[in-house]
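Please look over the sequence and the structure shown here before reading on.

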Amino acid sequence: MCYDAGFMKPSLRAPWTFVIAGVLLAIFFCELLFASRAKSPAWDEPGHIASGVAYVQLGSLAVNPQHPPLLKALSGLGLTLGGAKWQDVPQARDLLRGVEQWQWDIGSLILIKSGLEGALMWARLPMMLVGIMGGLVLYLWGRQLAGELAGLCALFLYVLDPTIVGHSFLVTLDVGLGAFSLLFLFCLWNYVRAPGRLGLAFCGITLGLALCTKFSSVVLVPVAAVLWFCGTRFRPTPKKGKPESHPSALPLLWIYGVAGVVVLAIYRFQGPGAYLAGVTKVNADHAANYMVYMAGDLASNFTSYFAVAYLLKEPLAAILLAAGGVILVLRGRQFALREKSFLLLPPVAIFLLHVWKADNLGIRYIIPCLLFAHLLGGIALADWLRAPAKGKRIAALFLSAWVVLAAAGIYPDGLSYFNESACLLDDPGKVGIDGGSRCGVAWLDDSNVDWGEGLKQLRAWLESNAKGRTARIGYFGSFPVGAYEMPVELMDDSQMWFQPPSGLYAVSAHLVAHESALVRRNYTRGDEWLLRVPPRAIVGHCLYIYDLPAK
């Protein structure tokens, strides 16, 4: 089953669906805009911002070479248009000479010197537009695959996904990788259905752009070859005339060639060595002996990590719909092998690559897979809404309402979202309108629970609930706390192993999980007070507030 056989020529049979899609994308933009205004810079943002400004204003690729420059350059362009300037200080000159430890400090300095609130918005605006592009492509592809309603349903799931909302405004790379990968695969899908020079050019350009978002995008190269084979070899046989001969692989080589030129251009024609050198530096800034955390345990790696993260951090309704979509695609006669391969192979390949190679630091690494999950979920939701059986229609409406509730209950803290199963398996009494987010630290840490983005919310909480008091903060982030001018003092990680003296404390959810696990697993001594003492509040779903009385 497929719609609109011409390359990227949408049907006009139901023009009102474009209006609904536009409204959904407008809602998505508002979600991102207001969430961005509530959030301070996340851990990775200052480094990417420094890299983007250096690329745009100085033409330098020296900053943050372990990631390709495209998305960082878009952010740097936004900052430049907003009036931000590269800061010519000794540490910045060292950074341009390859001393990478200064990237977070220089990125933070650029934001502060340029007017923190305005500069941060200019830096994030291009990321929001990339996220909107991902939603638009998801809608267009869904309607081609299974009709107008399926496209709208896929977009509906996308714009209300807490993980997508929580990451799409940040100057980070995972949503951009998903959006540009989806764009390339959408173009390839259209080309194998209706070959043409314009389609071929789009395929090459979009593959090149995707390859410059994040180095894990290299998986698209072999995936594209397999999809090319499936898409051309198993093209439906015409009802009249002779069957098509076996297609030539020459167009695929043209796609690779055009993509290579795009990559070289984005790397300022420094040769393929610049790209390959970046690949060798992936995760170079990660501690080699770092122990990752899952379900109270610590290890160098958990094979099941990303599967657990998906099952805990995506809304249960969205998971059920995605599973229904997989079943529908595999069993449905309206989906030929070509459609099945395009829908299922890319997310499986991306997921397995990250299981094999990625550090266990967050669901964000598999965000590209979430886009396909929503595409499949949209197909299932549309099928159930159109079903003659009343039970299916009621189930579809119930699941849709559940998706809305999950999005509203956690907003604007989508990065920290956990579904209800996180508490049902740990402490059912903590299930709330925000799902199981209060139980997140029992399962995962790092960017799953806190990425340093809650400083503005902490300042507001202190002004309203602890005016005149100084708090000690256990902070998990790279942006200087002092930039927000609030009465706090930094704590060392070691000061969180034993219950400290009386006073007010704000501790990152990441540290609540990770430092407590270090004590529990006898990596250090302590009394696990962070889990034993009930917090007074959890600010932004990411900072645990402890008000310890005098003994």
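Are Cys-423 and Cys-439 buried or exposed? Cys-423 is buried, and Cys-439 is buried as well; buried means under 20% relative accessible area, exposed over 50%, and partly exposed in between, with a 1.4 Å probe and protein chains only.

## Basis of the report

The model is a predicted one, in which local features need pLDDT of at least 70 and side-chain atom pairs count only at pLDDT 80 or more, while totals for chains, interfaces and linings use all residues. Residues are numbered from 1 along each chain as its sequence is written, and side-chain values use heavy atoms, with hydrogens and water left out.

## Cysteines

A disulfide is a covalent bond between the sulfur atoms of two cysteines. Here the term is applied to a pair of cysteine sulfur atoms within 2.5 Å, and by this rule the count comes to one disulfide. The bond joins Cys-423 to Cys-439, with an S to S distance of 2.1 Å. The link of Cys-423 and Cys-439 is right-handed, with 100 degrees about the S-S bond. Because Cys-423 lies in helix α19 (residues 421–424) and Cys-439 in the loop between α19 and α20, the pair ties together parts that are 16 residues apart in sequence. Helices (H or I, at least four residues) and strands (E, at least two) are DSSP runs, numbered from the N terminus.

Cys-203 is in no disulfide, and the nearest cysteine sulfur, that of Cys-187, is 5.7 Å away. Cys-203 counts as buried, because its relative accessibility is 0%. Cys-153 also counts as buried, at 6% relative accessibility.

## The five-stranded sheet

Strands of a sheet pair through backbone hydrogen bonds, either parallel or antiparallel. In this model, an open sheet of five strands has the order β4-β3-β5-β7-β6, with mixed pairing; two strands pair if DSSP finds at least two bridges between them. The edge strands are β4 and β6 (537–539), each of which pairs on one side only. From one strand to the next, the twist averages 30 degrees.

Strand β3 (residues 471–474) runs parallel to strand β4 (residues 488–490), and three bridges join them. Within this pairing, Arg-472 has Glu-489 of β4 as its bridge partner, and Ile-473 has Leu-490. β3 also pairs with strand β5 (residues 503–508) in the parallel sense, over four bridges. There, Ala-471 stands opposite Leu-504, and the bridge partner of Arg-472 in β5 is Tyr-505. β5 and β7 run antiparallel and are joined by six bridges, and Gly-503 has Leu-548 of β7 as a bridge partner.

## Around the sheet

β5 is mostly covered, with six of its six residues buried. On one side these are Gly-503, Tyr-505 and Val-507, and on the other Leu-504, Ala-506 and Ser-508. Helix α21 (residues 509–520) lies across β3, β5 and β7 and runs at about 85 degrees to β5. Helix α20 (residues 455–465) lies across β3, β4, β5, β6 and β7 (543–548), at about 135 degrees to β6. Axes are lines fitted to C-alpha atoms, for helices over the stretch in contact, and angles run from 0 to 180 degrees between N-to-C directions.

Asp-493 is found in the loop between β4 and β5. The residue is partly exposed, with a relative accessible area of 36%. Apart from its neighbours within four places in sequence, Asp-493 is in contact (heavy atoms within 4.5 Å) with Leu-511 and Glu-515.

In soluble globular proteins, nonpolar side chains tend to be buried together. A nonpolar core is a set of buried Ala, Val, Leu, Ile, Met, Phe, Trp, Tyr and Cys residues joined through side-chain atoms within 4.5 Å. The largest such core has 182 residues, and those with the most contacts inside it are Trp-141, Leu-188 and Tyr-546. Helix α6 (residues 116–146) gives the largest share of this core, 14 residues. Beyond its neighbours within four places in sequence, Trp-141 is in contact with residues including Leu-182, Trp-189 and Phe-372.

Helix α18 (residues 390–410) has buried residues, among them Ala-396, Leu-399, Val-403 and Ile-410. What covers the buried residues of α18 includes α7 (148–159), α8 (162–168), α15 (316–331) and α17 (367–386).

Methods:
The expected span of a helix is 1.5 Å times one less than its number of residues.
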